[in-house]
Amino acid sequence: MLSIVIITCNRAEEVINAIKSCIDHVSIDFEIVLVDNASTDCTERRVRELSADKGFALNYIKMETNTGVSFARNVGYR
């Protein structure tokens, strides 16, 4: 299985496009580890709706405060 780590903060449309690209281009079993770095927009709702619709494995991690991209990426890798 392939794990794809995506980091986002207040970029719902962009992260949806990134996930759709993964769905369209990855032909093996995969999961998406999405680290939401304290978004205040509709990112969580949009990603969960897409996951339910497309049926891919989603590990959604919501940070309480924005920790910066490097720390958030490391959380996703762990």
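Author: One definition comes before anything else. The model is a predicted one.

Reader: What is the strand order of the open sheet?

Author: The sheet is open and has three strands. Their pairing is parallel. The order is 1-2-3.

Reader: How many bridges join strand 1 and strand 2?

Author: The two strands run in the parallel sense. Within this part of the sheet, Ile4 stands opposite Ile32 of strand 2. The number of bridges between strand 1 and strand 2 is seven.

Reader: And how many bridges join strand 2 and strand 3?

Author: Strand 2 covers residues 30-36. Its pairing with strand 3 is again parallel, and Val33 stands opposite Asn59 in strand 3. The number of bridges is six.

Reader: What does the twist average from one strand to the next?

Author: The sheet in question is the open one with order 1-2-3. From one strand to the next, its twist averages 15°.

Reader: What angle does helix 2 make with strand 3?

Author: Helix 2 packs on the sheet and touches strand 1, strand 2 and strand 3. For helix 2 and strand 3, the angle between directions is about 170°.

Reader: Are helix 1 and helix 2 roughly parallel or roughly antiparallel?

Author: The axes of helix 1 (residues 12-25) and helix 2 (residues 43-54) come within 9 Å. They cross at roughly 20°. Angles under 35 degrees count as roughly parallel. So helix 1 and helix 2 are roughly parallel.

Reader: What is the handedness of that crossing, and how do its contact residues divide?

Author: The crossing of helix 1 and helix 2 is right-handed. Helix 1 contributes Ala12, Glu13, Val15, Ile16, Ile19, Lys20 and Ile23, while helix 2 contributes Thr43, Arg46, Val47, Leu50 and Lys54. By class, the contact residues are seven nonpolar, one polar and four charged.

Reader: Is Leu34 buried or exposed?

Author: Leu34 belongs to strand 2. Six of the seven residues in strand 2 are buried, so the strand is largely enclosed by the rest of the structure. Leu34 touches residues including Ile6, Val15, Val47 and Ile61. At 0% relative accessibility, Leu34 is buried.

Reader: How far apart in space are Leu34 and Ile19?

Author: In sequence, Leu34 and Ile19 are 15 residues apart. From C-alpha to C-alpha, the separation is 9.6 Å.

Reader: What separates the C-alpha atoms of Tyr60 and Leu34?

Author: Tyr60 is buried, at 11% relative accessibility. Its contacts are Leu34, Asp36, Thr43, Glu44, Val47 and Arg48, leaving out residues up to four places away in sequence. Tyr60 and Leu34 are 26 residues apart along the chain, and their C-alpha atoms are separated by 5.0 Å.

Reader: Which residues does Ser51 touch beyond four places in sequence?

Author: Ser51 lies in helix 2. Its relative accessible area is 13%. Buried means under 20%, so Ser51 counts as buried. Beyond four places in sequence, Ser51 touches Phe56 and Leu58.

Reader: What is the phi of Asn10?

Author: Most residues other than glycine have a negative phi. Asn10 lies in the loop between strand 1 and helix 1 and is partly exposed, with a relative accessible area of 36%. Its phi is positive, near 55°.

Reader: And what is the phi of Ala38?

Author: Ala38 is placed in the loop between strand 2 and helix 2. At 17% relative accessibility, Ala38 counts as buried. Although Ala38 is not a glycine, its phi is positive, at about 70°.

Terms used: Residues numbered from 1 in each chain as written. Predicted model: local features only at pLDDT ≥ 70, side-chain atom pairs only at ≥ 80, totals over all residues. Heavy atoms only, no water. Axes fitted to C-alpha atoms, helices over the stretch in contact; angles between N-to-C directions. Helix = DSSP H or I, 4+ residues; strand = E, 2+ residues; numbered from the N terminus. Parallel < 35°, antiparallel > 145°, perpendicular 65-115°, else oblique. Left-handed = near helix turned anticlockwise from the far one by under 90°. Contact = heavy atoms within 4.5 Å. Nonpolar A, V, L, I, M, F, W, Y, C, P; charged D, E, K, R; others polar. Pairing = 2+ DSSP bridges. Buried < 20%, exposed > 50% of the residue type's maximum accessible area, 1.4 Å probe, protein only.
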